[in-house]
Amino acid sequence: MRKAVPLLVPLLLALSATTALSEPRFVFSCAAGNDIYRVVSKAFPASRRFDTPSAACEYAPRGAAVFLFADGYPDRGVPFERGLLDAIRAKSLHVYIEYPSSLPGATLGKPRDATLERGVITGNEFGKSLPPLSLLYLHGCRFVPAVAERPYIALARVAGFDRAVFGLEGTESHPVLFGTADGPALVATTRLSGCIRSRFAPSDHWQAIWTWILRELQPGECIPPLKWEPSVGPSFSRDEPLPADAEQRVLRRGLDWFSRARLLVHPGWADIYDNEAGKWSDRVGPMPGSGRPSGDGSLGVLEGFSSRVNRDGTQQVRWWRRHDCNAEVAGAMALAGKALDGESYTRIAGNICDWLIGVSVMSGGERADPGHPAYGLFGWNDVARYWEDMDGYGVYYGDDNARSMLGLIAAGASLDTDRWNDALVKCLLANLRTAGTLGFRRDRIDERPLEEKGWRAYFDEKTVSYSPHFQAYLWACWLWAYERTGYTLFRDRAENAIRMTMAAYPTEWHWTNGIQQERARMLLPLAWLVRVDDTPEHRKWLRFMAGELLAFQDGCGAIREEIGGGAGRYGPPKSNAEYGVTEAPLIQENGDPLSDMLYTTNFAFLGLHEAAAATGDPYYRDAGDRLAGFLCRIQVRSDDHPELDGAWFRAFDHKRWEHWASNSDAGWGVWSTETGWTQGWITSVLALRVMNTSLWEASSGIRLENTLEEHRKVMLPE
């Protein structure tokens, strides 16, 4: 693994002889810890720093570049004090000022916070690497509204992956960086000098911008490109050799992340979940403080980090406990405990499952009443009245239930216990009896309609949903259940739905955030269909779907996202006004070099692993090896933010080699993490790889015949 590089340490630059001048070239008014001051003073040791703008201007020699940085940001701006203009004119100083509270000859508005706005390059000043309409992120941005005839960078709500595809059409725009004819040479309406701490992105763009600013203020001088190490980034470069035990190391870091991030709820701060989180918009709020302990799983696990990055580089936490995420984390902990001989992991896994099945309302209430049509189902989350008067634990997604079951399967098999088998069987039957005769289940079923209609109405209907994102993992669970019970209805309905779905590909598929995630989801049921019925046709289906997915695998192992044709649930924004409104892909158009660890890559990793084990075909194994290498490389590395170190963010630009994309998804953007979907399945597959086994083989000792017959008589009478 690459050694940690201290924050703000620039690369050693070969400076020309003109660097060592008798008088300083750069003079700063800022705090000693300012990001850009530390970078520039390392590269140019003759730089000088002062605490006030007046002291900096008084010291600065004729023609020097003077930087007036916003130490009081965001509460206080930099005042353009009386006398500064005279000093600037008298010494011909080149001045950069940011977040000003006053400017000569300018009218400034009241500072306001950016929400969905991004930076947009509006001119040709920055060269070919930063053409007009290139996009930037300015996390935690508070800016001063101003008027500028031709800004170099603007702030606006715009759609696009790495460029504003609709320009600035139909959107309000504010200058971020502009020049003046009198007074300061350059004005920034927000703090740009905190770009490293605040994790502005992409790093190469901001390095180019600051290099340009330095050159603009010292024209004709030799100023090499500025470089710095981002405070949060991937663990390895694209071509860096991985150590022989990379997967074991990455697995351990991935599991330890849950405790470092304090996402395991602890009794000492559980009251925040119960009493405070409901007051925050969408229950997104501050992470548990650094002085608070991490739990042991006995109160479950939070959903993960929101994509919102604060100005200090931290992120907000999604204060939800979801059934699927908890079960997936438990499965990953159990598998990793067995792979790494980690007792703490297995203890956490058992605690989560015991809480989830025996204590949480998501498995209790109506779901524990044999006379209720929701009997056996798992609720979505444990928050009452999360939307209008609807209870989160009264919402039933078949896919969420399926991943909960897969997590319980992994946990039970790894811990060699049957104490969750009863809940597992009831959930299998509960989802089967709310799916129609063709093997499809409605993508979502709410409790009130279920109570009104009864389960048999769903069981007898001819539902069709060509949406593997919502359907495919239930089919995988039913095929797994058939192998362990012999109950043919599991197999027959799964095989029929798979056959219809393959025949409908691709024109009738209803993709969610892109077509790649639908392809990735199909791999697991197709692999397990080969397990229960190994026919040439079933192998052909598997190979075909894997080929459709892997046609977009990059040489580095990344799987590129694709938007499908026809019917899509959430497409990319069609205008600037649509940016950030709903769930959406994080690409704007096909060809954008993005890998998605929330919807595609994580499930492709599992599907390819199980396909290789089911068939013995090196085609799947080799693709899985490449993908494993990619995931090892892009695992988050950060000394400054240990709560993020070891995680996987949702998005990664494998061309730029940075966590980057359009942040257009309203709930789960570029820097979001998901404890279950993402972290849970990536670490689960790594654990299976370390043990040289598959989930199918690891769970082969689970037998459910007697338990199934007992509950079938009640839930699905002949």
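Tyr96 has a relative accessibility of 0%, so Tyr96 counts as buried. Phe69 comes out at 3%, and because anything under 20% counts as buried, Phe69 is buried too. Keep in mind that you're looking at a predicted model.

How many aromatic pairs does the count give? The total comes to 38 aromatic pairs. One of them is Phe69 with Tyr96: the ring centres are 5.8 Å apart and the planes meet at 80°, so this pair is edge-to-face. Phe69 sits in the loop between E3 and H3, while Tyr96 belongs to strand E4, so the pair ties together parts that are 27 residues apart in sequence.

Tyr397 is in strand E16 (residues 395–397) and Phe470 is in helix H13 (residues 468–485), so here the parts tied together are 73 residues apart in sequence. Both Tyr397 and Phe470 are buried.

Some rings gather in a group. Phe69 and Tyr96 belong to one aromatic cluster, together with Phe26, Phe28, Tyr37, Phe44, Phe67 and Trp210.

E1 and E3 run parallel and are joined by four bridges, with Phe28 standing opposite Phe67 of E3. Strand E2 (residues 48–50) also pairs with E1 in the parallel sense, over three bridges, and here Ser29 stands opposite Phe50 of E2. To get from E1 to E2, the chain passes through helix H1 (residues 35–43), and this β-α-β crossover is right-handed.

Next up is helix H3, which spans residues 84–91 and has Leu84, Leu85 and Ile88 as its buried residues. Why are these three on the same side of H3? They cover an arc of only 100° around the axis, and that puts them on the same side. What covers the buried residues of H3? Among the elements doing so are helix H2 (53–59), strand E3 (65–68) and strand E4 (94–98). After H3 comes Ser92, whose phi is positive, near 55°.

| Charged residue | Ring | Distance to the ring centre |
|---|---|---|
| Arg521 | Tyr473 | 4.7 Å |
| Arg521 | Phe603 | 3.8 Å |

Finally, a residue in a loop: Asn124 lies between strand E6 (118–121) and strand E7 (135–136). Is Asn124 buried or exposed? Its relative accessible area is 62%, so Asn124 is exposed. Asn124 and Tyr152 are 28 residues apart in sequence, and their C-alpha atoms are 8.2 Å apart in space.

Technical notes: Residues numbered from 1 in each chain as written. Predicted model: local features only at pLDDT ≥ 70, side-chain atom pairs only at ≥ 80, totals over all residues. Heavy atoms only, no water. Buried < 20%, exposed > 50% of the residue type's maximum accessible area, 1.4 Å probe, protein only. Helix = DSSP H or I, 4+ residues; strand = E, 2+ residues; numbered from the N terminus. Arc of directions from axis to C-beta. Contact = heavy atoms within 4.5 Å. Phe/Tyr/Trp six-rings, centres within 6.5 Å; stacked < 30°, edge-to-face > 60°. Lys NZ or Arg CZ within 6 Å of the ring centre and 35° of its normal. Pairing = 2+ DSSP bridges. Right-handed = clockwise from strand over helix to strand, strands pointing away.
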